[in-house]
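The sequence and structure are shown first, and the description follows.

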Protein chains: 2
Amino acid sequence: MFESAELGHRIKKSEYDREVPPLREALLEAQLDLAEAAAFPVIILIGGLDGAGRGATVNLLNEWMDPRHIQSHGMGEPSDEELDRPMMWRFWRALPPKGKIGVFLGSWYTWPILNRVRGVTKEADLEQSLERAKRLEKMLVDEGALVIKFWLHLSKEKQEKRLKKLEKNPLTQWQVTDRDWKHFKAYDKFHEVHENVIRHTSTAEAPWLIVEGEDANYRNLTVGRVLLKAIRDRLELAKTPPPKILAPPLLPAIDNLHLLKTLDMAQALDKDRFKVKLKKYQGRLNTLTRDPKFKYMSVIVVFEGNDAAGKGGNIRRITGALDARSYQVIPIAAPTEEERAQPYLWRFWRQLPRKGRVTVFDRSWYGRVLVERVEGFCAEADWMRAYGEINEFEAQMVRHRLLVVKFWLAITKDEQLRRFEERQATGFKRFKITDEDWRNRDKWELYEQAVCDMIDRTSTHLAPWTLVEANNKNFARIKVLKTLGDRIEAKLEELHASGIDYLDKPKKGR
Amino acid sequence: MFESAELGHRIKKSEYDREVPPLREALLEAQLDLAEAAAFPVIILIGGLDGAGRGATVNLLNEWMDPRHIQSHGMGEPSDEELDRPMMWRFWRALPPKGKIGVFLGSWYTWPILNRVRGVTKEADLEQSLERAKRLEKMLVDEGALVIKFWLHLSKEKQEKRLKKLEKNPLTQWQVTDRDWKHFKAYDKFHEVHENVIRHTSTAEAPWLIVEGEDANYRNLTVGRVLLKAIRDRLELAKTPPPKILAPPLLPAIDNLHLLKTLDMAQALDKDRFKVKLKKYQGRLNTLTRDPKFKYMSVIVVFEGNDAAGKGGNIRRITGALDARSYQVIPIAAPTEEERAQPYLWRFWRQLPRKGRVTVFDRSWYGRVLVERVEGFCAEADWMRAYGEINEFEAQMVRHRLLVVKFWLAITKDEQLRRFEERQATGFKRFKITDEDWRNRDKWELYEQAVCDMIDRTSTHLAPWTLVEANNKNFARIKVLKTLGDRIEAKLEELHASGIDYLDKPKKGR
């Protein structure tokens, strides 16, 4: 795997001095075109061995490129902010937007490799981490990103020589730590794990590019030329339309029976019983969030539903029961410019709460498979792959003790009409109804199909959907409060049973 | 996940009787067009619960479709022939060629699911199996196949009812076995594992299509309509060119130094020393293959090399040492018509030996990243993904105790010229040299680059490449014989240490 990177590659100083100026100029031009097109981000991973010039490569890129359009991220020990979220959160928050370059020194490979070499994890754990990494990179590429993965390599002999040389020079000796020598002693073990990583994650869309790290001239010129060609090729390709999907189609059920039709929409609750139950379930919810184990979990509540199904009212009944410092409501509208420059899940990743908190999403990432699907805002291939991406996203939350509670508020077409008309007749409610609401109504059946597909493909035992019959507001609100309470209670019982008494530590299984 | 498949979907007899005749006609027409275009194969997996109509669906397809272009495969307990090879072998041998439909009752999901439910394997093992399944399906789709995965579902209540009903009828009671009732008792466990499987393997390119299995009319019409639309859509799409690759490019090393240039091509061996060593290493090879543990392994020897590098001579020195019943030499030329109708790895899968045998490939699956790359017989995207596919292929062999020994026979450009001229001058050797050989010679540098990329990307500790300096034939032959002997010896030592005393059983970890 590393054969070609142990040959002693070398570029003479005279040649280097001749080649660098035109290369830098070309790189700056490409970077400018990249920024102007703003069609895709460039994500560069710098992996490899200690002493193989990873840090120097990052410095080089920062030196050569226009600093306004490149940002580098040294991913060392995670902060407590980061430990509170799923492992991938720190990378999501650092992703470059379209038109920019992000350089990652240390990546989603760093901890899985270290944990495997140290024997903290097993071969199967490593393989799971690598599959997660592959899924992330595939998603990034599917979202249009150019992902370039450099692996800087040294033979065992060269690594030793290099560390000794760095140590001898007073100007560079700070770069060599005890950790480096400890890693050097484990060279063979690292070598085996590295080979495994490269073999598993050199995909057609984002292969590892192995570069011999010893000679700085060779390394720098190689990295620069690959980067230049990759950006130029990709700018060219970005002009052509994306490929069509090859999958068999999702068809509506041929008997026209679907999930939403089976709901008993007549269910209701009178005012008196509602008041009693509201008090009861709000009280329980409040008590649950004060449980001593609640600080080791967090809660994500997702509200989706027909227009005018009563999302706002339901959310207020939840937040009314909570300490104002412990929750956040995130209303999801059309994405901002900043958000449009990122993969569609980015704006949800950034909102994930710390432990001990509740975050309520008023609409959510499911927009991808609802409005974006129905209105044709994304291609079929994009929403088809979104089911898997969303399941992966939620699985990462659940693995990290974020409880995911999802509600679909369903009303009938007649009830929606009644509410629309009521809103238009009532002065202070008129702002809530727009032309778009009326247009969406015309696509009622298409939305129904999208909702049923969404539930079939994303209701999992990790993160099930709850369908709420919402023609009667009282009934809906109690069902939501009770369900949410039940789910939190079950999770707390699990945490009590496991005796958990820590927040997350950087080492184990991350 | 199964919500929509527990609603009691149903199609009335009158409607069914009306709908079926035109559907069947349309299906037959589509099938004919599929066969005529011969552009892609259709692979249908029928998964799901006992009693949900899996067998009936296979029968239905056989009844409705033209039997000349469809073949179904009931994948029950593997045969001893199949147990002797990696798990996927039985599926590879059953893959339909382009233009045909293959229906699989039982698939690469069957054993991983059963083993997990029975507790033979862990969650991580299941996940590894699912990732392997996904890689296989992705490869099939990348190779152009239409993969349709039906999942026939029943609620717990309905499954019980259905099994009882089948048991009551004397005509169908044979269909219900003790095993079915045992599985029914484990319904909840199956449900959990099934959900996990569907969640992980519903990819954008090959999603599971969940169909409620209770009502035969509903089931049949649904399967038929999906199949029809999928084939029609795909025939339409097959007319457009495939998408281009998005990956960063593989560039030659910028200092023009590469692996092949570092070989010491002057190494040689005189005739006398050669004779002594030949006897020694051939003798050892023969002894090794008579080791009592040899019957638990098998050996794949791959020869690649420059034209006229001496593959044939080397192969004869190996086979000369072996019992004629224990080996096979597979010369790889341009693919046959049958082979061209399959994914490129198919013709190599079919040649995998049983245990206790040696198979020598004179050229191999590496043609994909050598001649096909250089001559442009496949697109960049195709040979780029081939490195990963080949590593996966070889990893499956190694996991199954097939030892993979790969030789690159290298000669210099001058030496090749000398041999070409010698061949043309010698009557009985003239047939060995063609215009194509001279043309290949013009692309010497492109081939060198392809060889170096191949070695960098497919030389793994599981299946390393050995570079053989072959300007001197004697030297090369001894290096090959010695390397092969060393590798077999090491493998046998491993087998002795593990105390292996069985061939493969169907249950554990497959």
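A salt bridge is taken here as a side-chain nitrogen of Lys or Arg within 4 Å of a carboxyl oxygen of Asp or Glu. The model is a predicted one, in which local features need pLDDT of at least 70 and side-chain atom pairs count only at pLDDT 80 or more, while totals for chains, interfaces and linings use all residues. Residues are numbered from 1 along each chain as its sequence is written, chains are lettered from A and ligands numbered from 1 in the order in which they are written, and side-chain values use heavy atoms, with hydrogens and water left out.

**Salt bridges**

Over all chains, the count comes to 102 salt bridges.

| Pair | N to O separation |
|---|---|
| Arg354(A) and Glu81(A) | 3.5 Å |
| Lys138(A) and Asp142(A) | 2.8 Å |
| Glu415(B) and Arg419(B) | 2.7 Å |

Arg354(A) forms a salt bridge with Glu81(A). This pair links distant parts of the chain, 273 residues apart: Arg354(A) lies in the loop between α14 (346-349) and β8 (358-362) of chain A, and Glu81(A) in helix α3 (residues 80-83) of chain A. Helices (H or I, at least four residues) and strands (E, at least two) are DSSP runs, numbered from the N terminus. Burial is expressed as relative accessible area: buried means under 20%, exposed over 50%, and partly exposed in between (1.4 Å probe, protein chains only). Arg354(A) counts as partly exposed at 24% relative accessibility, and Glu81(A) is also partly exposed, at 29%.

Lys138(A) and Asp142(A) both belong to helix α6 (residues 123-142) of chain A; because they are 4 residues apart, about one helical turn separates them. Lys138(A) is partly exposed, with a relative accessible area of 28%, and Asp142(A) is partly exposed at 30%.

**Helix α16 of chain A**

Helix α16 (residues 380-399) of chain A has 20 residues. From its first C-alpha to its last it reaches 29 Å, close to the 28 Å expected at 1.5 Å a residue; the expected span is 1.5 Å times one less than the number of residues. A kink of about 30° in α16(A) is centred on Ala386(A), the bend at a residue being the angle between axes fitted to the seven residues ending there and the seven starting there. Because 16 of its 20 residues are buried, α16(A) is largely enclosed by the rest of the structure. Just after α16(A), Arg401(A) takes a positive phi of about 65°.

**Strand β4 of chain B**

Which residues cover the two faces of β4(B)? Leu146(B), Ile148(B), Phe150(B) and Leu152(B) lie on one side, with Val147(B), Lys149(B), Trp151(B) and His153(B) on the other, and all are buried. Strand β4 spans residues 146-153 of chain B.

Two strands pair if DSSP finds at least two bridges between them. Strand β1 (residues 42-48) of chain B runs parallel to β4(B), joined by 7 bridges, and Ile43(B) stands opposite Val147(B). Strand β5 (residues 208-212) of chain B also runs parallel to β4(B), joined by 5 bridges, and Trp151(B) stands opposite Ile210(B) in β5(B).
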